[in-house]
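This report describes one protein as a whole and then turns to a single residue within it. Please view the sequence and the structure before reading on.

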Amino acid sequence: MPPASLPVDLLLVPTWLVPVEPAGVALEGHALGIRDGLVAWLGPRERAPQAQEVLELPDCVLTPGWINAHGHAAMSLFRGLADDLPLMTWLHAHIWPAEARWVDEAFVRDGTDLAIAEQLKGGITCFADMYFFPREACDRVHRSGMRAQVAVPLMDFAVPGARSPDEALHQAIALFGDVRHHPRITLALGPHAPYTLNDENLENIRVIADQLDAPLHMHIHETADEVQRGEAEHGERPLTRLARLGLLGPRLQAVHMTQVSEDDLALLVESNTSVVHCPHSNLKLASGFCPVERLWQAGVNVALGTDGAASNNALDLLGEARTAALLAKAVAGSATALDAHRALRMATLNGARALGLEACIGSLEVGKAADITVFDLSGLAQQPVHDPVSQLIYATGRDCVRDVWVAGQRLVENHRLTQMDEAALIASAREWGARIRDGQA
């Protein structure tokens with residue numbers, strides 16, 4: 001059979017190619033062609049088109065770029081600040097006071113750069129961010145070449161960079177206008193949680209979200225205590241309250257959801273709301289267990305997130321995928337729950353669907369953006385390779401990420417960042433660490 005006729009800019013030839021769509025497939029003897037930042041060709045190697053450059057990737061598995069569907073990027077500078085504490089103590093006694101003292105545009109600039117670099121080296125090509133000074137975060141994403149959804153945080157009280165919920169909403173509207181046509185940045189509204197927003201402000205957020213056709217990114221049912229407090233204060237579970245206020249729907253990204261009753265499940269299914277599972281953060285803060293298998297079997301789209309480095313402490317989505325798979329089996333009481341292929345799907349296509357980006361990213365299909373991650377499985381700990389996806393999820397660390405492309409631009413080449421100065425990032429983070437420690441002394 002003759003080769004494809006149209007030439008490509010770059011042809012990648014891995015040992016294994018996992019497109020994610022169709023599901024459960026690991027192709028051998030296949031190649032992928034990139035042209036103008038898009039996947040332009042995928043098929044058997046012997047039919048490959050002419051290419052300006054051919055990159056052989058022996059012993060490597062090529063996947064779509066990984067999508068971190070929840071985090072607080074700049075909080076990387078608070079990594080390890082207040083460990084081994086319950087959520088509300090961690091927030092009220094440590095994190096919120098530290099944010100009030102330290103968070104400004106410079107903090108967000110340097111913390112976001114640190115998070116972007118860490119995520120790229122871990123194979124993440126797109127991340128969802130919810131943090132203060134979102135305009136600064138957008139600028140760092142723009143400069144880095146990475147892809148992101150940036151959510152404007154909204155609470156009933158003043159936050160760094162916004163003196164009131166109304167001011168934050170006005171900033172959000174202006175920022176939406178400025179980045180609406182950016183090829184790699186999308187904007188969302190980020191109501192923090194049901195317990196930090198009253199009904200009036202939530203209704204205002206819904207109205208603005210409808211006007212902007214904006215996604216909503218929100219911590220929901222993170223702990224049993226949150227649900228109990230919500231019932232005591234409002235006479236209904238937080239998810240029921242959000243449904244009453246019209247916030248559920250395909251634009252809502254419900255982060256954590258460790259507490260899911262049968263009524264909650266019905267609301268999620270009926271509204272087509274996505275859930276973002278953050279297993280490491282939930283475990284570390286003893287928040288609870290998201291019932292991933294039950295959600296999946298009911299038809300809920302479940303994506304994967306790291307949360308911030310202050311509560312995790314790593315932005316390691318591959319590690320999250322492994323923990324999610326293992327935890328799902330324990331919670332469901334079934335060894336067949338959340339198999340390796342579905343764990344990979346959570347970290348790629350399901351994340352894209354949660355962020356409303358499935359037409360652009362999340363799977364390796366012709367016409368989608370060339371957001372690609374290459375894992376090297378040649379190491380001792382990866383041998384022998386019976387199933388490359390199982391080996392990736394259960395026996396591989398993020399140090400095996402070899403190459404990363406976003407929109408066809410190579411941002412990690414042979415384990416090294418191509419657009420960011422790693423030594424300078426480390427030096428900056430150490431300076432912030434010293435300042436914060438000295439300030440607390």
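The model is a predicted one, in which local features need pLDDT of at least 70 and side-chain atom pairs count only at pLDDT 80 or more, while totals for chains, interfaces and linings use all residues. Residues are numbered from 1 along each chain as its sequence is written, and side-chain values use heavy atoms, with hydrogens and water left out.

## Overall fold

The protein contains 15 helices and 17 strands (DSSP runs, numbered from the N terminus: helices are H or I with at least four residues, strands are E with at least two). Along its principal axes, the C-alpha trace spans about 70 × 45 × 45 Å.

Of the 441 residues in the protein, 58% are buried, meaning under 20% relative accessible area, with exposed over 50% and partly exposed in between (1.4 Å probe, protein chains only).

## Residue N68

N68 belongs to strand β6, which covers residues 66–68. N68 is buried, its relative accessible area being 2%. Its side chain forms a polar contact of 2.8 Å with the side chain of T306 (a pair of N or O atoms within 3.5 Å; within protein, one must be able to donate a hydrogen and the other to accept it, and residues adjacent in sequence count only if both atoms are side-chain atoms).

Leaving aside residues up to four places away in sequence, N68 touches residues including Q119, F127, L304 and L317, where contact means heavy atoms within 4.5 Å.
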